[in-house]
Each structure stands twice: as structure tokens, then as C-alpha cells.
Amino acid sequence: MAEGHHIESALFVIFGATGDLARRKLFPALYNLSAEGILPSGVAIVGVGRRPFDLAYFREKFILPALLDNSRLAGNLLHNFSSFAQRCYYFSLDLRDSSRYRELKNFLDQLDWEWGVQGNRVFYLALAPELFGPVVANLKEQGFLDKGPRSWKRVLVEKPFGWDLDSARALNRELTQAFPEEDIYRIDHYLGKEMIQNIMVIRFANAFFEPVWNNKYIDHIQITSSEKIGVGERAAYYDRAGALRDMLQNHMLQLVALIAMEPPVGLDAQAIRLEKAKVFRSLQPFTRERILQDIVRGQYGPGYIDGEPVPGYREEAGIPADSVTETFLAVKLFVNTFRWAGVPFYLRTGKRLPAKVTEIIIQFKPLPEILYFKEYGELLPNVLVIRVQPLEGIFVQLNAKRPGTNNYIVPIRLDFCQNCGVGTNSPEAYERLLYDALRGDATLFTGWEEVEYAWKFVDPIAQAWATIPVHFPNYAAGEWGPPEARVLIERDGRRWWESPAYMMYPGPFTQVCQYIKGSRAGNPG
């Protein structure tokens, strides 16, 4: 967290305030910040939406149920909701109707005077991307963005930031015509997760990691982000995006950048974005030949999750019966820098997989087996695992002698879990991101250069896929993707971490803090 930032009084204006994102994430995050005393008393929240709600209905019938269903602090609502509700206002507006923006401006100006916020505004566009342009154009034309000598205006936009490079550039032009780049906050909610923020600390604040964080000592890196759920209610969006645009272009490549970046000259947003952009520029481009060889796409069919039958992707509501949208993606990529030359990054992501997990696995190169031969046990690789979700923590695997009279070698695990304890209730990603936007700290937000280079990397894949026949579905729900995903890594003499060769000990996917909970209860674990 950068120093020198503080939250000033402001109006936090949410366009699309009655939508699913606002209900599930935004209002719960703002309530949690308020309930924990982090949100200053001078911050008021204004919802803007098409539904003709009056203020009492908006507070009692929309915000309150949203908090009951989605806030991690819902148990405190009885004591805290009344004071939070007094912060919240509502304005009904058809976002394409330019004639009513003047009324909205007058409404905000009146709240500005009542709350004494001196013109400070955050505009959150919880909208489909095609509405970004009309909204920001009206904000500019109607004088919403006029600044006083000490006031500021910021805009927050959700992904997807375009559907390809051309649409992303067009969208960015619309935004930059109204806001300077430093006032545009592009949200990738993965960057707000606790362990994602920890990656740079793990790397740069520990003397035994940074010196070996290179191709001399690291064999390869695996990044997995898997979900058990299907497409759910996101059919219209997801069938257009697929795993390539929904996950690889933003979340997964951001994780690659944080792992592969050089030490920044400072902890400010500009310095960190510069180093991440260098990683994106260094990604080895995919030729058509490499796309066929080093990328696997899949789509789930009917299967079982937790023993219960689930439909295939093409059987989900709103999905065409002949859809060729990928719900699984496995990629082998390279970062062509001096530090990472020759080190493969294996990425996989998908829906209807056996577990919900996001983990980064750094596997170090094996040592020569000269002193310890096979009869003393298998010398397993040293591994560092950064657990992002649902468990948050760090897992380190070492080799050690098993207690006894012989020299038998066994793997031992150093395992830290920061959210396994009973009663732990850590802040969610949106809380940190909204908090930082109010503070004017853009460190955890995505800069335009990162977005542009990510699309330059992803577009050739999508264009090639459009000309390559595909046969879906090719994996059953509840499996780790199609068989080709295993071949992708096994042909290099490596295995995904849930593979049978690693199941002789609890791996990253199966370690569930039973020892920690057992030891706290007085059990041996």
C-alpha cells in the first residue's frame, strides 16, 4: 500500500447501480469499508439506474437484501445498516437520454453542497462496455468533469476492456476524450486479492527468493485458475468472450507479469505499470504452428461435480446448441527476457473443473542426484506455491531425512495459511480496489499500455482459432480439461500438480489446513 494517500470527502457515483455487479460486489464492499470505520464520514454514495425506485425502496428493498446476501459483515447489519443507508441516494436515469443528465448534475451538485465534498467525484461504470462512450461523453458535455482548484474526478471501468485490440483502442479513445489517463482506473479484481498483492513482497522482501528468481534456478512455472461452476447467468457475455478473453487476456497475464517483472524503481503506480508492460512486450508471439502445438482449448460436456450431475455447456440456458466457445484453456508461453529465457510458463483455466482454486506454482530445478540415490527415496523438486483462493497463503516443499536410523528422504512442507483460522474474515478484492480509488492510488489498477499489449498477444490466437476446426465438447464436467492439456506439459517431462506422480503427499490442491485447525483444537493433526 503506497504511502501518502488519504481518502477525502467525495461522491461515489455508481452507473448501473441496480445491476448484478453492484448488488453482489460494490454495495457490500462499500458497506464493509463503512462498518469497519475505513470509509470517511464525508463519502456519500449515489446509485444511478434505469429502474424507477424511490429512495426508501432503493435502501430497504435493494441495498439491504444485497448486503444480507453478499456482505462478509452481514452479521453486523442490525447495528450498522442505518448509518450506511444514510450515505446512499438514488437517481433514475436512462443512460442514453442526454436530456436528463442536466437533472442528474443538479442532483449531484446539491449533494455536493450538503456533504461538503468540494467537487470530488468517483464515477463507477458498472455497465456493458458499449455504454461507456455515451456516459462519459454526457459527463463531459454537461460539465460533470469541470474541476475546481483542488477537486478531482476519477472514473472506474470494469472488464471486458474491449473484445479485441481495435475495440479496446476505440474504447480507450472514448475515455481519454473525457478523462486523462491518470484518472482512469481499469479494474481487474484479481489484483485486489490479498495474495496477489503479496507477490511483490514475497519476491522483493526475502533474500532467499529474489537471488534464485531466474532461469538458472527455476525449472518452470504453473498458474492455475479453475472454477467448479458453469456459465451460470453470464451466458450472453461468456459465449462471446470464452476463456481466452474472459481469463487469459486479463487475469492470467496479470499474474504472469507480477511473477516475471523486474524490480520497480518505486512502489508507485507508474513504476509498477512500467515493469509489467515490459513483460507484456516480451511475451513470445504465437505463430499458427505454435498455436496448434502449445495451446489447448476445451468445452465441457455433461458430467459430475461433487457427485451431482451437471449439464454440458451447450445445454446451459442461453447457450447455442452448436457453440464453439472454449470453457477451458491451457497455454505454454515464454517471456523472452534475460531473466526468463527458456523457462516455460504453463497456464490453465476453465469452468466445471474438479476444484475452485487459483494458485501459482514455482518449481525449482532439481539438484544432481549424486549424494542421495534412489534407495534413499525420491528426491522431489523444491516448490513454492502462492495460494490466491480459496485458501490464501504460501506453501514451500523441501527434502529432509525421515526420523529413524536410515537415511530415507521424504518431502516436508512449510505451510502458511492466512485465512484458515476459525473466525478469519479477510477483506475482499473490491474493498481494497474501491478504497484505493478513493485514495487516488492506481497501483492495483491496469494501465492502458498493459491492456494494449495483452490484446496484441491474444488477438492472433483468436484469429487463428476462427480458421481451425474444433470438436466440442471434449471434456466432461468434473475433469481437469481435455486429455491434450496433460499432453501439453507431460511431453516436456513435467506434470500438472494434481497428477498421480505428486499425490504421494498432499499437494497444493488437496492441502486444506486440517493440520492447522487440528493443532489449534489440541489434536495432533
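I began with the second largest cavity, where α1 gives the most to the lining, with four residues; helices here are DSSP runs (H or I, at least four residues), numbered from the N terminus. The model is predicted, so I kept in mind that local features need pLDDT of at least 70 and side-chain atom pairs pLDDT 80 or more, while totals for chains, interfaces and linings use all residues. Residues are numbered from 1 along each chain as its sequence is written, and side-chain values use heavy atoms, without hydrogens and water.

I noted that a cavity is a set of points, on a 1 Å grid over the protein atoms alone, where a 1.4 Å probe fits but cannot get out, and that lining residues have an atom within 4 Å of a point. Volume is the space filled by probe spheres set on the points, which are joined across faces, edges and corners.

The second largest cavity holds about 40 Å³ of space, and I listed K25, P28, A29, N32, E428, Y430 and E431 as its lining.

I then turned to the largest cavity, with about 160 Å³ of space, and found 15 lining residues, of which F161, Q249, N250, T446 and V451 lie nearest its centre. Helices α8 and α12 (448-465) each supply at least two residues of that lining.

Last, I checked L244 in α8 (residues 235-260), whose contacts (heavy atoms within 4.5 Å) beyond four places in sequence include Q249 and W465.

Note on methods: On a 1 Å grid over the protein atoms alone, a cavity is a set of points where a 1.4 Å probe fits but cannot get out, and a pocket is an open set with protein on both sides within 12 Å along at least five of seven lines; lining residues have an atom within 4 Å of a point.
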